[in-house]
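Subject: Structure handover

Dear colleague,

Please find below the structure that I am passing on to you.

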Amino acid sequence: LVRKAGAIQPKRHPQALRYAHMDLATRSMAGLSVCHRVGWKDVQGAVDYKTGAVYQDQRVIVEYDFILTIVAGRAKPINFEKIQQFFIWLRERCGFRWGMITADQYQSFMQLQMLESRGFPTGNLSLDRTKTPYYAWRAGFEEHRIVMFRQPWVVAEAEKLIDSAKCVDHPLEGDVTCLAGETEI
């Protein structure tokens, strides 16, 4: 964030719509990422992971504003109200314009409903029910279309991803919700 003409605003591309995803938890770690579009890139010769066909396409370039790891306290769980208040602060005090705030279905219905009632565009994006979001994210890195700073928890989580027959997921203390055939990616 920067202060410009007495107002706080995003440091980079302040007029761009922001997109957020929440990976919620109450007792362990929750994640919150915010990014925005910065342009388009011609991608040639990339292989479609579903069909194996070679194609030429124009794809979006995404820059992360920040990625937060939120941990529970020793005696108290993660406070979802504080996450809502953070989004409100970013919009009202920092000039963030929201394109969409998403979360998966686990523990997020009420959170998304409350944000929607406060005028935020919201939606469900389940990252453990289909492989498409993970493959799109991986392709973004492979095609140099994602601008991101090094965030240790993201790197650690990405290193542990497992590509099963049903979905891509990370093991949670040895348990993966969708494992059928284990293949690390």
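**Salt bridges**

Glutamate 143 and arginine 145 form a salt bridge in which the closest N and O atoms are 2.6 Å apart. Please note that the model is a predicted one. Both partners of this pair are covered: glutamate 143 counts as buried at 12% relative accessibility, and arginine 145 is buried as well, with a relative accessible area of 7%.

A salt bridge also joins aspartate 57 to arginine 59, with 3.6 Å between the closest N and O atoms. Here aspartate 57 is partly exposed, its relative accessibility being 35%, whereas arginine 59 is buried at 18%. Asp57, Arg59, Glu143 and Arg145 are linked in a network of salt bridges.

Arginine 91 pairs with glutamate 92 in a further salt bridge, whose closest N and O atoms are 3.4 Å apart. Arginine 91 is partly exposed, with 25% relative accessibility, while glutamate 92 is exposed at 57%. In total, the structure holds eight salt bridges.

**Backbone**

Two histidines deserve a note. Histidine 144 has a positive phi of about 55°, although it is not a glycine. Its place is the loop between helix 3 (132-142) and strand 8 (146-147), and histidine 144 is exposed, with a relative accessible area of 63%. Histidine 13, likewise not a glycine, has a positive phi of about 50°. That residue lies in the loop that runs between strand 2 (7-9) and strand 3 (17-23); with a relative accessible area of 34%, histidine 13 is partly exposed.

**Surface patch**

Met29, Val71 and Trp153 form a nonpolar patch on the surface, and together they have about 300 Å² of accessible area. Tryptophan 153 belongs to helix 4 (residues 152-159). Its relative accessible area is 46%, so tryptophan 153 counts as partly exposed.

**The chain as a whole**

The protein chain contains four helices and ten strands, arranged along the sequence as β-β-β-β-β-α-β-α-β-α-β-α-β-β. Of its 185 residues, 35% are buried. The accessible surface of the chain comes to about 11,500 Å², and carbon and sulfur atoms account for 53% of that area. Among contacts with a separation of 6 or more, 55% are between residues 24 or more positions apart.

Yours sincerely

Note on methods
Residues are numbered from 1 along each chain as its sequence is written. This is a predicted model: local features need pLDDT of at least 70, side-chain atom pairs count only at pLDDT 80 or more; totals for chains, interfaces and linings use all residues. Side-chain values use heavy atoms; hydrogens and water are left out. Patches are made of residues with over 30% relative accessible area and no salt bridge: like charges are joined within 9 Å, nonpolar side chains (Val, Leu, Ile, Met, Phe, Trp, Tyr) within 5 Å. Accessible areas come from the Shrake-Rupley method with a 1.4 Å probe; for residues, only the protein chains shown count as cover. A salt bridge is a side-chain nitrogen of Lys or Arg within 4 Å of a carboxyl oxygen of Asp or Glu. Buried means under 20% relative accessible area, exposed over 50%, partly exposed in between (1.4 Å probe, protein chains only). Contact means heavy atoms within 4.5 Å.
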